[in-house]
Amino acid sequence: MPELITLLSSLCLLLGAFLIFSGGLGVLRFPDFFTRMHAAGVTETMAVTLIVLGLMLHSGWGLPLFKLLLILLFVMITGPTASHALAKSALHGGLRPLGDDSNNERH
Amino acid sequence: MMQSATQLLLLALVLPLLAVPGILLARNQPNLREAISLLTGAALFIVNLCLFSLGEGGVVLVEILPRLAISLELQPLGLVFGLVASFLWPITTLYAIGYMRGHDEDNQARFYVFFAIAISAVMGLAYSGNLFTLFVFYEIVTFSTYPLVTHAGTEKALKGGRTYLSLLLGTSIVFFIPAMIGTWFFAGNLDFQPGGVFGEEVSPIALSVLLVLFAFGIGKAALMPFHRWLPAAMVAPTPVSALLHAVAVVKAGVFSVVTVVVYIFGIDTVAKLPITPFLVYLAGASILLASLVAMRQDNFKSRLAYSTVSQLGYITLGAFLASEAAVAGSLLHIVMHAFGKITLFFCAGALYVAHHKSQISEFDGMGRVMPITFIAFTLGALSIIGLPPLGGVWSKWFLMMGALDSGYMIMLAVLSISSLLNIVYLLEIPARAFLKPAPEGATLQEARSSSVLAMTITALMCIALFIYGSDIYEFIRSARLT
Amino acid sequence: MVRARDLFATVMLSGIYGLLSASFFILMDAADVAFTEAAVGAGIFPLLMLTVLTSVGRYEAERRRVRYLPLFVMVVLAGALFAAVLQMPPFGAVDAPSHGHVAQRYIQDSPAEIGIPNMVTSVLASYRGFDTLGEVVVIFTAAVGVVVILLGGRPKTPQQSTQALMAEHKVLRVVGKMLIPLILLFGLYVQFHGEYGPGGGFQAGVIFAVGIILYAMLFGLSNAQRVVPLGVLRWLVALGVLIYGSVGLANLVVGGEYLNYSMLASDPVTGQHIGIILIELGVGITVASAMVLIFFAFTRATRSRDELEE
Amino acid sequence: MLSHLAVLQVVVPLLAAPTCLILERARAAWLFACLACLLSLGISIALFMQVEASGPISYALGGWEAPWGIEYRIDALSSFVLLLINLVAAAVIIGANSSLTAELPEPRHSPFYVLFLLCFAGLQGIVATGDAFNVFVFLEISSLATYALVALGRDRRALFAAYQYLIVGTIGATFYLIGIGFLYSLTGTLNMADMAQLLPGLEEQRLVAAAFAFVVIGIAMKLALFPLHGWLPDAYSQAPSMATAFLAASATKVALYLFIRMYFEVLGQDAVNALFPVGKLFLLLGAIAVILASLAAIRQNNVKRVFALSSVGQIGYLVIGVGLGNALGLQAALLHLFNHGLIKAALFIAVAAVVCRVGGSRLEDFRGLGRAMPWTMGGMVIGALSLIGVPLTAGFVSKWYLVLAAMESGLWPLVALVLIGSFIALFYVWRIVEVAYFQPRDGAAVSEAPLMLLLPLWAMALANLYFGIDTSLTVGGSEQAVNFLMGSRP
Amino acid sequence: MADYYNYLIVVLLMVMGLYIVMAQGNLVKKLIGLNIFQTSVFIFYISTAKVSGGTAPIVIDGAELYSNPLPQVLILTAIVVGIATMSLALALVLRIKRAYGSVEEDVILEQDKSC
């Protein structure tokens, strides 16, 4: 049983790390603001969730588990909100997604 | 007896200062104000006479650092100087009353106030018990005479004042202070004592350096090349010039030089120093050069100023000749020159106030307009030149004796040539005044009576000093100088 | 960072730099410091910077030149420093002199003398409690200074409601409403948990302040100021320092040295405990109110400029 | 309570500051600040006497003994400096109300008092503490308060001056922190006395040298030692006048105190000079500072700036005294530290009085003030004479010692330099006196400064005279301090 | 050399920060440089505190070796001091911008000279 949990937790952590890496790559390589934000946003929610999950599995019952749970909740609420706010203010600020030809100006 | 000496010394210091609030309170009542000045002056002279009769005593006022105190001490040199200064103060005041009123000057109260402070400082200087005290009062004299020099407040006066202050303070900061601190450093104290304060172990080189620092540091002695302040100070009102040249400032300077030579170094030490001949020749050069410059001045006061530079050279020369006769001679010259020169300045002021003439070339025939003035002038001039029957002859005589004693033959020549030059540039003035024709429509018009009275007194004193000159000399010689 | 002309990017980078150093501090076993650095270096500092940028403009003037004199000085300095630090005790050495002398006592005796497990808090609040008083006063000074520089002596809470920064963001507002109580709660937790784990008055103060700042950002400065008026904040800033200082004075009264809490109760350890809780409270109050005050002052200053321009 | 005086000295103003903020009303804040400063002055006098009678006082804060807790140490040196700061602070705070009324809008008054008290407390903390890191904390308290005080100035230039001062000051403080970090990693302690005992015999001399360099450069920035003095003239001439009066008289003095403490006590003069001839470097820098700053002062048109530059020059004297390295030199530095504090306090309070009545401190604003404001200008002239070093003023005494010390070291050029410096001082000071007394005033009539400004001004002016005549306190105090420092590490 | 890796990085950061302060003309950027400079000192102190194999200085059962708490305490204070300084500096920058209309050093000096 402990081995299984270790395995699972390692898997989660690895996956999370991979997602973070790919997210970073995406932020660097994607063509415009909104696609980059997509990379960053997905990473933030998914990767962090995975990593925290991995850590939770690792930590066992106790106060740390509870704390991690809180962190998870917090990230899951704030992450998407932040992405949303960013995208909205970008739109508000005059930035248009790639392919939207109506007003394709870039900063 | 000591008790009363202490009190009298303090009184001499404080008495002129007591006049200050009086003058300030009475600043809108000229008569009262000047009466206060005069009375204090007379009282001060009496105090000095009392001090003279006491002859010795001293007081330590305050000890600033260990072995560094403000202290007063009666000694013969100081007594002579103190008497002269306190005698001439009321007389200058008397003269100033006439001058200032005749000239309708502003800020007269300020004038009398600083006049009084200056005299108080001169008293302190005369009765200093140590070098530090001397220095302090020396500086107070500088500061208190600065407002007198710039009295007019014009741009020219300010400029003259700037030169005056910067040269005097500059020399004292850059030379005098290090000399004083050096003395303290080598000797451990600054107390005046006959024979000097330095021990045997101090090297002659160090002493020479100190002596040079003192010679130049006491800028009021106007040893060339630090004489520029004196002509610059001629922007002052004439009573101030009289005070500067006869009583307070320059005499404070040369008195300091003599005191330093006698009581800090000791006559015998100075005589042996390798630097002394250099200083003697410098003083000699100062005498001759200043005389030559004086001949070329057309402005009356400038000529007198350079004459003073030259005469001060006599006194410093006497000090550096470093024999008892020469030192006594130079001290005597302080007295003689004081009376002579003050007379000359009184005359200059009188001419300026009464006729607004300040250039010598304008004096043609003025002897008939202002006979008393020019007679007084002639007497003063003769005294300075050193002709009998006037006081000046004694001091020159003893100075020459001193030069002989010390073996500086060449100085005899210098003194003689200088006397000749004196004749040329001083007697030219009465000659013009009496021999050239008077200006058109001139009538007899003297300056105000108080001014005339003052110059008469001083001129007569020049004659009196011829009679009592040797007594003063004896008094000085009776004291322990080495 | 040196070369970028876009100040916005620079500020963001320096925020990341702050976060990185915080992570580094964790690696170095300095949990409390990491906590603080995260709050300050990645939180407050970029926040203030951004506020300033809204006023001073995002781009700096075109300038592309290397200053040689500073460069030279820096190269020399770096060389000298390299030479010097090579004489430092090796990194991580157990027997370095700095670990032996004074620190040893903190590690060995503080649990018994102070009675709390977090040595950093013990040292901070008790052994070197006076430093911490100084630290609080520094924050206090900064708050007073910022307010007087930006707003002039005695600012009044504005009457008319100005438009909120993010009025159009409904999602944000809702999420914010959810989060703010949590943040404040967390602040309280950090405040009183500092003796056992990382945390303490300063960190709690910052977190508390962030909650209020968030409120101000979402619902408008004037609404926030209605909740915590400037006058009250001023009062609170001073109060925190006074609490801290008076604990010290109270010690004098009961006969101990200044800030010697042992006398506060019959048992020294209990006394220390009480003292530390009290002073941490003081720290928390001053820090929270100072941070809010500084933020308010900054936004007010940038805002009033905008109003002037319109 | 008497045994707690050491800490109360700092805590009183420190806690008075927030109380002042709560008081809000300017007048109440002022009165309270006055009360705190006077109380503090009383404490400092008591401490001075206590130290003189029974030697250094050590106070363990929090009850934790020396190397573990923070120690307050009041010895001959610190009690001497504390006395100066307190004298100046009391004088300044009494006059502050009148001066501020003319210079700042009313709502800024009470923050001014708060910042003033903080600065005051910070400076005292630096002096009182025996802990190297605690110094840093209090250094920053005083510095932050100072930046804010400077920024209160009326002109917009005050802002930029404050900013520059902030940059330099922060770098300086951080340098100091780095130096302390090195020392800590070598010795494992932060207590100065403890450090002083552990430092000799260490092998890592390069690191000690680096530590010293950082500490000294850090302090030199605060001290405005040439060539790191750039911030000072701007900051001092732009700050509110009374703030300048306080800062000029105390802030740089405290920096010098810290410097002396580090150089003579913690690191040890001989040990440092064995690594690098620092003493000679100080002499050189001091000499350059004296000449350059004095020359620059002559050309200024703003009187505040003249005096500010003169401060840079005077710091040169102080550093020369330290650099000479003999007992007399150190004593000269300490004496000048004290006396120059009094001088600058008098001068800047006088300037504050002028600004209060005339509204500016340019040279032409001083026209005819000799007659219009006789008491103010009288006090100023006394301060000016003391600055030049005229006998019977405090300035003379310190110059006397400095010259003696230079002679003892056989450095005659230095003697000349000190005197030439005084000579130049004469020029820039006299320009002001001349304008005030001998140029007529045109424009609106000006009345004499308010009594509350004249009072501290004359207190300082008379102090200048008093300490020029009765030197037992200053010379005795500095001598004790020198014996203490030189004795601790012969 | 590996033993000193941390310190060398610290030195690099330190001089970089200082260079920015000295060479940059933009007042905001100077402050960023100052921040880097200060943070480098924090890193330095914290590095000296680390003991290999030690844990954070919070008492846990079984731990024998703790890192040094003292530098951490000092740096806690220093961080606070740092942010206090920064906020004051930024406040000044805001006011300078309002008074001069610029935050470039040379523009400001130019304006001061002309008036």
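In residues 171-292 of chain C, the end C-alpha atoms lie 24 Å apart, and the span is 81% helix and 0% strand. Helices (H or I, at least four residues) and strands (E, at least two) are DSSP runs, numbered from the N terminus. This is a predicted model, in which local features need pLDDT of at least 70 and side-chain atom pairs count only at pLDDT 80 or more, while totals for chains, interfaces and linings use all residues. Residues are numbered from 1 along each chain as its sequence is written, and chains are lettered from A and ligands numbered from 1 in the order in which they are written.

According to UniProt, in an unreviewed entry, the annotation "domain: Na+/H+ antiporter MnhB subunit-related protein" covers residues 171-292 of chain C. UniProt positions are in the numbering used here, feature names are shortened, and annotations may be inferred rather than shown by experiment.

I turn to the contacts. Two residues are in contact if their C-beta atoms, placed from the backbone, lie within 7 Å. Between chains C and E, 76 residues of chain C meet 63 residues of chain E. On the chain C side, α2(C) provides the largest share, 14 residues. By class, this side has 51 nonpolar, 15 polar and 10 charged residues. Here Ala, Val, Leu, Ile, Met, Phe, Trp, Tyr, Cys and Pro count as nonpolar, Asp, Glu, Lys and Arg as charged, and the others, Gly among them, as polar.

With chain D, the contact takes 50 residues from chain C and 51 from chain D. Here α7(C) gives the most to the chain C side, with 14 residues.
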